[in-house]
Amino acid sequence: MEETDEIFNSWFDSRTEFNSELLHQICHLIHVMENREPANPEMKLDQVTSDPRKPRILLAASGSVAAIKFANLCHCFCEWAEVKAVATKASLHFIDRPSLPKDVTLYTDEDEWSTWNKIGDGVLHIELRKWADIMVIAPLSANTLGKIAGGLCDNLLTCIVRAWDYSKPMFIAPAMNTFMWNNPFTERHLMVVDELGISLIPPVTKRLACGDYGNGAMAEPSLIFSTVRLFFETLVRSSAGNS
Ligand SMILES: Cc1cc2nc3c(=O)[nH]c(=O)nc-3n(C[C@H](O)[C@H](O)[C@H](O)COP(=O)(O)O)c2cc1C
């Protein structure tokens, strides 16, 4: 982990805000990824990371009010990565579609059905699952968290998660009211998704959209982006060092 520590140190030196909880999260993620056996031997992560093309990031939004920041999140990733986006029906109440980057396609449940007519046609959730190197669900609603933990798949987003190859990274950034966040279901569901290998970008404490003050607000888009990028680039370096 020495090389990894150096990368962290230089990265954090250049940050104005130091978040020790996040540092622990990233250390944990890298430790887990370095030691994890790929679930599917044909889809090894080092094959993905040694590829010279841009990383393919699938950004997904569910129906938390923090989805108003989804366009911002897409913009954060666009310079660095190829981005496709997925939105649940509820999240569309909060997403301002015209402010999404022009080159980002936003897929919804309607597309899942309109792109399939007959046997032999591609199935959108499988195509997106194959396309992506990394999936990031931000914001993650309490409802979608519960569905993922239970293995339910009744829309485009949850079908992708249910079909996911867990040798590829997946990040979740939950966002919900403090009452929901503190509810015992949250911890149960987070334990299940942690076992799957899904990485948590924790929510933060602040004044929430509903006016309450407490934990449950989504991490800032810039922080989500930095976490995913740092994680990916550390993996690339570590797989280059191993080869
Ligand atoms: C105005 C409004 C704001 C909401 N904000 C949140 C939220 O921040 N987090 C959350 O988990 N659910 C929130 N909900 C509830 C979800 O939208 C609801 O559970 C929905 O079914 C989620 O669907 P999805 O998980 O398929 O996107 C909100 C609902 C409304 C009407």
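This is a predicted model: local features need pLDDT of at least 70, side-chain atom pairs count only at pLDDT 80 or more; totals for chains, interfaces and linings use all residues.
Trainee: In what order do the 6 strands of the open sheet lie?
Mentor: The pairing in this open sheet is parallel. Strand 3 (105-107) and strand 6 (199-200) are its edge strands, each pairing on one side only. Read across the sheet, the 6 strands follow the order 3-2-1-4-5-6.

Trainee: Which residue in strand 3 is the bridge partner of Lys-84?
Mentor: Strand 2 (residues 82-87) pairs with strand 3 in the parallel sense, over 3 bridges. Within strand 3, the bridge partner of Lys-84 is Thr-105.

Trainee: What angle does the direction of helix 6 make with that of strand 2?
Mentor: Helix 6 (residues 124-131) packs on the sheet, where it touches strand 1 (56-61), strand 2 and strand 3. The direction of helix 6 makes an angle with that of strand 2 of about 145°.

Trainee: Why is Leu-106 classed as partly exposed?
Mentor: Leu-106 lies in strand 3, and apart from residues up to four places away in sequence it touches Ala-85, Ala-87, Arg-97 and Leu-100. The C-alpha atoms of Leu-106 and Leu-59 are separated by 9.2 Å, although the two residues are 47 residues apart along the chain. A buried residue needs 20 or more other C-beta atoms within 10 Å. Leu-106 is therefore partly exposed, because its count of other C-beta atoms within 10 Å is 19.

Trainee: Which residues of strand 4 are buried on each of its two faces?
Mentor: In a regular strand, side chains alternate between the two faces of the sheet. Strand 4 (134-140) is mostly covered, with 7 of its 7 residues buried. The buried residues are Ile-134, Val-136, Ala-138 and Leu-140 on one side, and on the other Met-135, Ile-137 and Pro-139.

Trainee: Which residue in strand 5 stands opposite Val-136?
Mentor: Strand 4 runs parallel to strand 1, to which 4 bridges join it, and in that pairing Ala-60 has Ile-137 as its bridge partner. Strand 4 is also joined by 4 bridges to strand 5 (residues 170-174), again in parallel. In strand 5, the residue opposite Val-136 is Phe-171.

Trainee: How many of the residues of helix 8 are buried?
Mentor: Helix 8 (residues 156-163) lies across strand 1, strand 2, strand 3 and strand 4, and runs at about 120° to strand 2. Its buried residues are Leu-156, Leu-157, Thr-158, Cys-159, Ile-160 and Val-161. Helix 8 is thus mostly covered, the number of buried residues being 6 of its 8.

Trainee: Is Cys-159 buried or exposed?
Mentor: Cys-159 lies in helix 8 and touches His-125 and Cys-153, not counting residues up to four places away in sequence. Cys-159 and Leu-124 are 35 residues apart in sequence, yet 9.5 Å apart in space, C-alpha to C-alpha. Because 21 other C-beta atoms lie within 10 Å of Cys-159, this residue is buried.

Trainee: Against which elements do the buried residues of helix 4 pack?
Mentor: In helix 4 (residues 70-78), the buried residues are Phe-70, Ala-71, Leu-73, Cys-74, Cys-76 and Phe-77. The elements against which they pack are strand 1, strand 2, strand 4 and helix 11 (221-242).

Trainee: Which members of the largest nonpolar core touch the most other members?
Mentor: Val-86 is one of them; leaving aside neighbours within four places in sequence, Val-86 is in contact with Leu-58, Ala-60, Tyr-107, Leu-128, Leu-156, Leu-157 and Ile-160. Of the 59 residues in this core, those that touch the most other members are Leu-59, Val-86, Met-135, Val-136, Ala-138 and Ala-173.

Trainee: Which residue in the turn of the hairpin formed by strand 7 and strand 8 has a positive phi?
Mentor: Strand 7 (residues 204-207) and strand 8 (residues 213-217) run antiparallel and are joined by 4 bridges, with Val-204 opposite Ala-217. There are 5 residues between the two strands, and the one in the turn with a positive phi, about 100°, is Gly-211.

Trainee: Which helix gives the largest share of the shell around the ligand?
Mentor: The ligand is surrounded by 15 residues, the closest being Ser-62, Gly-63, Ser-64, Thr-88 and Ser-141. The shell divides into 7 nonpolar, 8 polar and no charged residues. Its largest share, 3 residues, comes from residues 142-150, that is, helix 7.

Definitions and conventions
Residues are numbered from 1 along each chain as its sequence is written. A residue is near a molecule or strand if its C-beta atom, placed from the backbone, lies within 6 Å of it. Ala, Val, Leu, Ile, Met, Phe, Trp, Tyr, Cys and Pro count as nonpolar, Asp, Glu, Lys and Arg as charged, and the others, Gly among them, as polar. A nonpolar core is a set of buried Ala, Val, Leu, Ile, Met, Phe, Trp, Tyr and Cys residues joined through C-beta atoms within 7 Å. A residue is buried if 20 or more other C-beta atoms lie within 10 Å of its own, exposed if 12 or fewer, and partly exposed in between; C-beta atoms are placed from the backbone. Two residues are in contact if their C-beta atoms, placed from the backbone, lie within 7 Å. Two strands pair if DSSP finds at least two bridges between them. Axes are lines fitted to C-alpha atoms, for helices over the stretch in contact, and angles run from 0 to 180 degrees between N-to-C directions.
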